[in-house]
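Subject: Structure for your files

Hello,

Here is the structure you were expecting, with notes on what turned up in it. Please read the notes with the structure open beside them.

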Amino acid sequence: MPERADLERRTTKLLRRLIRFDTVNPPGNEAPAQEWLRGLLEAAGFDCELLAAVEGRPNLLARIRAASDGPRLCLLGHVDTVLADPSEWSVDPWSGELRDRCVWGRGAVDMKSQVAAEAAAAIALAEEGWRPAAGELLLTFTADEETGASIGADWLCREHPERVRCDLVVNEGAGERIDYAGRRVYGVCVAEKGVFRFTLTTEGRAGHASLPRVGDNALAKMAPLLTALRDRHPPYQLTPEPEHLLGALGLDSADPGAALREIESQEPALATMVEPMLGVSLTPTIMRAGDKINVIPSQAQLKVDCRVPPGLGKDEVRDAVRAVLGEDGYRLEFDEGVTGNRSPVETPLMESIRRFVDREDPGATVAPVVMPGFSDSNWWRRAFPECVVYGFFPQRAMNAYETMPLVHGADERIPVEDLGLAASFYSELIVETLG
Ligand SMILES: [Zn+2]
């Protein structure tokens, strides 16, 4: 088994170089980063292929197979990032600078750090001569996660299912230490919410703007809807994952609203994380009305970003909207709908994670969480229903409250200590699963 210090050094070096490849998506331009990773993995003995739906934007698959059958373990990651505005940062976002024992740059958390830790663990093992006793280790580094994965994970799972079919997948989504009321809990992302964005329309009657009462202003009819969306929330629905999580935090899950108020009073940042797990969320983001300054608008439209617990769909969204806005005064049309999905909570993979956390941080516990957003995990669960897909990147030096604002934010950075911790987890998991 590779030493922690060696893994920390390898992962830090890999991450600093990866950050220096600008993979801001759009346009992505992932090819140089992917070709560089392929070179490292091939040199260590991996069979590699670059599969691209679009020129210049390949996905990388790197595998080592045993002669005998066994589980296929996939370590997953995406190499594209969101944009960064250098004027908001204390360092160049594409420098990979090492400062205060942290690696800084866009992707340091989401998620070049995990790509680096997975690659470093696999390369270190292969260089020591490790080969799986049974089954296969597959590293999958995708393009295009940040803008919908239509040429990344979604495409791979649709067009090349035989190449990426797996029994176990470890992806992004959770793993930072959650501190609450003297407890330390490490989240494992076992589910992701679905996305059911919709448009609310209000109708009125046009007229000259110099005579306010001559028409019927559709824009003004948005005011009570916006106020209700700010002040109210749909009823909480307890699904198995938040039920486990509330238990791990020492809270009574029978009344999720009361549990949430208790969290809010102790640790508001945690309430921000937990509330979206408890039901449908409704976030208005774009509003349009009127084309001319002197015409009372006869129609206004409000776009709402709506995230839905795994397995639920349009009916539950309509119920949630009625609970917040009432029955009348608007029209609702769906713009897109992707159902969220989940993996079981109790599996051998969860046991492996629990054993790792027990060794690393005795007294801490592990609990399932639901990702409020969306990641590549969804595509694997959808394409391969038997596959167990979790998000886990353990972080102890920097906790969840410190990490959360850095995702897609300014001064994104990660402690090198956590890079070593994560790479140790991946190398131990590989050996434990594949022999
Ligand atoms: Zn990500």
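A cavity here is a set of points, on a 1 Å grid over the protein atoms alone, where a 1.4 Å probe fits but cannot get out. A pocket is an open set of such grid points with protein on both sides within 12 Å along at least five of seven lines, and lining residues have an atom within 4 Å of a point. Grid points are joined across faces, edges and corners, and a volume is the space filled by probe spheres set on the points.

This is a predicted model, in which local features need pLDDT of at least 70 and side-chain atom pairs count only at pLDDT 80 or more, while totals for chains, interfaces and linings use all residues. Residues are numbered from 1 along each chain as its sequence is written, and side-chain values use heavy atoms, with hydrogens and water left out.

Cavity

The count is one cavity of 30 Å³ or more. The largest cavity holds about 50 Å³ of space. Its lining consists of Tyr-186, Phe-356, Val-357, Glu-360, Asp-361, Pro-394, Arg-396 and Leu-421. Helix H11 (residues 348–360) supplies the largest share of that lining, three residues. Helices (H or I, at least four residues) and strands (E, at least two) are DSSP runs, numbered from the N terminus. By class, the cavity lining has five nonpolar, no polar and three charged residues. For these classes, Ala, Val, Leu, Ile, Met, Phe, Trp, Tyr, Cys and Pro count as nonpolar, Asp, Glu, Lys and Arg as charged, and the others, Gly among them, as polar.

The largest pocket has about 1,200 Å³ of space. It is lined by 42 residues, and Met-371, Pro-372, Gly-373, Phe-374 and Val-407 are the closest to its centre. Helix H3 (112–127), helix H9 (268–274), strand E18 (365–371) and helix H13 (400–403) each give two or more residues to this lining. E18 gives the most, with three residues. The lining of the largest pocket divides into 20 nonpolar, 13 polar and nine charged residues.

The second largest pocket has a volume of about 450 Å³. Of its 21 lining residues, Glu-275, Val-280, Ser-281, Leu-282 and Thr-283 are the closest to the centre. Two or more residues each come from helix H6 (222–231), E13 and strand E15 (299–308). The lining of the second largest pocket has nine nonpolar, five polar and seven charged residues.

Surface patch

Strand E13 (residues 281–289) also holds Met-287. Together with Leu-219 and Leu-226, Met-287 forms a nonpolar patch on the surface with about 210 Å² of accessible area. Patches are made of residues with over 30% relative accessible area and no salt bridge, with like charges joined within 9 Å and nonpolar side chains (Val, Leu, Ile, Met, Phe, Trp, Tyr) within 5 Å. Accessible areas come from the Shrake-Rupley method with a 1.4 Å probe, and for residues only the protein chains shown count as cover. Met-287 is partly exposed, at a relative accessible area of 36%. Buried means under 20% relative accessible area, exposed over 50%, and partly exposed in between (1.4 Å probe, protein chains only).

Salt bridges

Side chains of opposite charge can pair when their charged atoms come close. A salt bridge is a side-chain nitrogen of Lys or Arg within 4 Å of a carboxyl oxygen of Asp or Glu. The count comes to 37 salt bridges.

One of them joins Arg-106 and Glu-412 (2.6 Å, N to O). This pair links distant parts of the chain, 306 residues apart: Arg-106 is in the loop between strand E5 (102–104) and H3, and Glu-412 is in the loop between H13 and strand E20 (413–415). Both Arg-106 and Glu-412 are buried.

Another joins Arg-197 and Glu-336 (3.1 Å, N to O). Arg-197 lies in the loop between strand E10 (194–195) and strand E11 (198–203), and Glu-336 in the loop between strand E16 (331–334) and strand E17 (341–342), so the pair ties together parts 139 residues apart in sequence. Arg-197 is partly exposed at 26% relative accessible area, and Glu-336 is partly exposed at 34%.

Arg-354 and Glu-351 also meet in a salt bridge (2.6 Å, N to O). These two are separated by about one helical turn, because they are three residues apart in helix H11.

Regards
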